[in-house]
Amino acid sequence: MESIDWSNLSFGYMPTDYNVRCIYKDGKWGDITVTSSQTFEIHMAATCLHYGQEAFEGMKAFRGKDGKIRIFRMDENAARLQSSCRGIMMPELPTEKFNEAILTVVKKNERFVPPYESGASLYIRPLLIGTSAQVGVKPAKEYLFIVFVSPVGPYFKEGFKPTPMAILRQYDRAAPLGTGRYKVGDYAASLVAGEKAHELGYSAVLYLDAKEKKYIDECGPANFFGIRGNSYITPKSTSILPSITNKSLMQLAEDMGMTVEVRQIPEDEIGTFDEAGACGTAAVISPIARIDDLDENKSYIFSKDGKPGPICEKLYNKLRAIQYGDEPDTHKWITIVE
């Protein structure tokens, strides 16, 4: 293996040694298999290609100071994938099968788990797709589950530094009763808005709800939260993906004695927040420097000195300390790879 510059990894795909696969056929799941092939053959009429019958997850493994490899909240990812399966009529992958696949692929690619001091991690991508040949909108009969891994650095190239985000009212992320709450293949719908935001100098789009254009929904690739005084406030909506990172931050905020509010957040309320951030597996927390509502010609500023706010910083450091094994895992979020 060529030497990897662990401290300067981007967030992208790097080939590793193995991936794992499992086939659903004749009404049941098969055994987990291991392969070094990075491709697979698929029928041109597969339902995943035509009707978007596919779901995926994103999770990470971390190497601690003690050399042990830790996987964060594996059961939560299994449960969210099962929810996505229910949302688009795919057979649910049992939690035990999911966990076996994750542990197998991490063990097999152990040499790609970045060292502790690098700040990098091993990104884990489970993927489930409908593979039967079909013309006509109905669920497939056969499915393929794959898990591959890649060592990654920070999702935003700035790392843990505040970045500006924009509200672009002419774009919707997801319909209120659609598939926004599932981690499925509708992310392409956010590409145009995301690219426009990048061209204008923003790191991401902060979407408003599609129905009334009045309430905060979520950022393109992440959940939104605001801090006001001793409160952690995050939107409630039928179109928001339930972020495992956000769920964890809410628990840590409670542990710190903060009040947690999950409710509709009118856009006007943004101006009352002391801090704001986007959160998800890839970035953990991406502090927001300011939010510009380009249609209304308004700006909400959270960081004037280019530094994260104190609560964002405390939550970020606490969560990462648990992930790397530097602080006790009091909520039993960690699975150690034996």
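Modeller: Gladly; α6 is followed by Gly 325, whose phi is positive, near 85°. Please keep in mind that this is a predicted model, where local features need pLDDT of at least 70, side-chain atom pairs count only at pLDDT 80 or more, and totals for chains, interfaces and linings use all residues. Residues are numbered from 1 along each chain as its sequence is written, and side-chain values use heavy atoms, with hydrogens and water left out. Helices (H or I, at least four residues) and strands (E, at least two) are DSSP runs, numbered from the N terminus.

Colleague: How far does α6 reach from its first C-alpha to its last?

Modeller: Helix α6 covers residues 310-323, which makes 14 residues. The expected span is 1.5 Å times one less than the number of residues. That gives an expected 20 Å, and the helix comes close to it, reaching 20 Å.

Colleague: And how far apart are the end C-alpha atoms of α5?

Modeller: Helix α5 has 12 residues, 244-255, and at 1.5 Å a residue they should span 16 Å. The model agrees with this, as the end C-alpha atoms are apart by 17 Å.

Colleague: Which residue in β6 is the bridge partner of Ala 61?

Modeller: Strands β5 (residues 59-63) and β6 pair in the antiparallel sense over three bridges; two strands pair if DSSP finds at least two bridges between them. They form a hairpin with five residues between them, and Gly 67 in the turn has a positive phi of about 85°. Within β6, Ala 61 is bridged to Ile 71.

Colleague: Which residue in β18 is the bridge partner of Arg 70?

Modeller: β6 also runs antiparallel to strand β18 (residues 334-336), joined by three bridges. The partner of Arg 70 there is Ile 336.

Colleague: Is Val 137 buried or exposed?

Modeller: Val 137 sits in the loop between β7 (121-130) and β8 (143-152). Buried means under 20% relative accessible area, exposed over 50%, and partly exposed in between (1.4 Å probe, protein chains only). Because its relative accessibility is 72%, Val 137 counts as exposed.
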